[in-house]
Amino acid sequence: DKDGGVSWLDEYAASGESYGYHEFYESIDALVFGKNTYEQVLTFGPWPYPGKTSYIFGHHMLATDNKDVEFVTVNIPQFM
């Protein structure tokens with residue numbers, strides 16, 4: 001939402017319907033996040049994307065021992 005919250009997703013989670021998410025997730029090799037989204041995902045509990053490389057874009061490297069997380073400090077065109 002406009003304040004960065006994700007509570008609007010609760011109604012979809014409560015429905016039990018995947019809306020194609022699981023098939024989509026299985027079809028991708030990596031995830032891309034901004035630093036703020038990454039920090040929010042960390043508040044949800046255990047890392048929900050094990051086994052998939054997650055590229056976190058931001059101006060500063062953060063500390064992690066998660067082997068699936070890579071921090072990227074260059075802009076997207078440079079990264080690509």
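Strand 2 (residues 53-57) and strand 3 run parallel and are joined by four bridges; strands here are DSSP runs of E, at least two residues long, and helices are runs of H or I of at least four, both numbered from the N terminus. One of these bridges pairs Ile56 with Phe71 of strand 3. The structure is a predicted model, with local features needing pLDDT of at least 70 and side-chain atom pairs pLDDT 80 or more, while totals for chains, interfaces and linings use all residues. Residues are numbered from 1 along each chain as its sequence is written, and side-chain values use heavy atoms, leaving out hydrogens and water.

Zooming out, three strands make an open, parallel sheet in the order 1-2-3, where pairing takes at least two DSSP bridges between two strands. Strand 1 (30-34) and strand 3 (69-72) sit at the edges, each pairing on one side only. Helix 3 (residues 35-42) packs on this sheet and touches strand 1, strand 2 and strand 3, contact being heavy atoms within 4.5 Å.

Then there's Tyr19, found in the loop between helix 1 (10-15) and helix 2 (21-26). Tyr19 is not a glycine, yet has a positive phi of about 55°. Most residues other than glycine have a negative phi. Tyr19 is also exposed, at 55% relative accessible area (buried is under 20%, exposed over 50%, partly exposed in between, with a 1.4 Å probe and protein chains only).

Key
Axes fitted to C-alpha atoms, helices over the stretch in contact; angles between N-to-C directions.
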